[in-house]
Amino acid sequence: MNKYLEEAKAMLPHLQEMQQQIHQFGGIRYDLRPSADLIIRELKEIGLEPQEIIDCGIVATVGGKKPGKTVLLRADYDALPQDEITGLPYAATNGTCHSCGHDYHAAMLLGTARLLKAHEDELEGTVKLMFQPDEEFTTGAKNMIAAGVLENPKVDASFAIHIEAGTERDTVGKVIWSQGASYSAADRFFIKVKGRGGHGSTPHNTLDPITALCNAITTSQHIISMEVPAKERAVITIGQIEGGTVANIIPDTAGASGTIRTFSNEMRAFCRDRLIEICETTCKALRCECEVEISPDGVPPVINNVELAREIQPWIEEICGDNHYTAAEPLSFGSEDYSWISESVPAVIMTLGAGTPENGYIHGAHNPAIHFDPECMPYGVATFTNLCVNYLKNHK
Ligand SMILES: [Zn+2]
Ligand SMILES: [Zn+2]
């Protein structure tokens, strides 16, 4: 067995202890103080010097004894605003739930910090550890970049791991990554239609915003079916719609909101522009006014650096053997604010299998009943460690 994996496996009780505490603390966005304190305490105990560069955004470096490049490892550690129903003895009870597994991410990065410190002499360069708040509302990575996480020392490449359970591919310890687009861009939009209301029996005396809105929504799917090339992937979903009060009154206004998911910046801009154009012109043809607002809090797609994604394959095999999968297709239609990192430096995000339905892990991410198999953690720790050691050796 690989020596890093062997050492990471011996660390499992400690990894679980940290993961369970962070799990129980829960907390959303930047409200992560107990977990932040745990992370800082642990990093200091390992012998590192953590810095809190934004509220609950923590950075520490290890290595640097020999000159070389700098690798950034990223873990998020925020939970979601939902009531946990896992029934676990360490379940959070404060209306938040670690249903995306970010508690595991933080514990694995703390384990990696300890392992890297023990093997500091093998590092031909520096490893920077990033513990970020607010992944779920997609501002954490962006704010840490603004606060300088990619500078001093300047980051040359980055890796991140997201654990995953509930599907057949999630064998414990399986590392999956794609060579290119990985997670989708996500853009929320709001459609507001203004007409002129009146009696339901005399629509000819009104400008009906409901009919106009429905036509705009239906026509917007034309973008996906006829305008996005078949080899691309894109989704436009309307998740919410509202208008009117009773059956026999035509209202003055109607509205809807939804999300656009795309896997390249070009397709992202195209779908946004065409959605606006189609909604506005369709409503205009039906004598209503329409305004489409695209939320400024959207995130770009996560694009794995293709060269780096190829380079790391043998290093992952050293840890996982055959229990890995890499391909050109994206990992997920979900979004990840690691996109801000992958936009700035060559980066690869991987998923780590943490339980299949066959073994009783039936729930997926963001389900408040989700369970993960803790045995996945040593694989994350050893993978991170091996990637850093080898990347720095290869890029002197
Ligand atoms: Zn999530
Ligand atoms: Zn997540």
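A residue is termed buried when its relative accessible area is under 20%, exposed when this is over 50%, and partly exposed in between, as found with a 1.4 Å probe on protein chains only. The model is predicted, so that local features need pLDDT of at least 70 and side-chain atom pairs count only at pLDDT 80 or more, whereas totals for chains, interfaces and linings use all residues. Residues are numbered from 1 along each chain as its sequence is written, chains are lettered from A and ligands numbered from 1 in the order in which they are written, and side-chain values use heavy atoms, with hydrogens and water left out.

Cys100 is buried, with a relative accessible area of 8%, and this residue bridges the zinc ion (ligand 2) and the zinc ion (ligand 1), which are 3.2 Å apart. The protein donors of ligand 2 (N, O and S atoms within 2.8 Å of the metal, or 3.2 Å for Na, K and Ca; water is not among the atoms, so sites may look incomplete) are Cys100 (SG), His102 (NE2) and His162 (NE2), at 2.1 to 2.4 Å from the ion. Their spacing in sequence is C-x1-H-x59-H, and His102 is likewise buried, at 0% relative accessibility.

By contrast, Ser225 is exposed, with a relative accessible area of 53%. Ser225 belongs to helix 6 (residues 209-227), helices being DSSP runs of H or I of at least four residues, numbered from the N terminus. Between Ser225 and Val235, ten residues apart in sequence, the C-alpha to C-alpha distance is 9.9 Å.

Definitions and conventions:
Helices (H or I, at least four residues) and strands (E, at least two) are DSSP runs, numbered from the N terminus.
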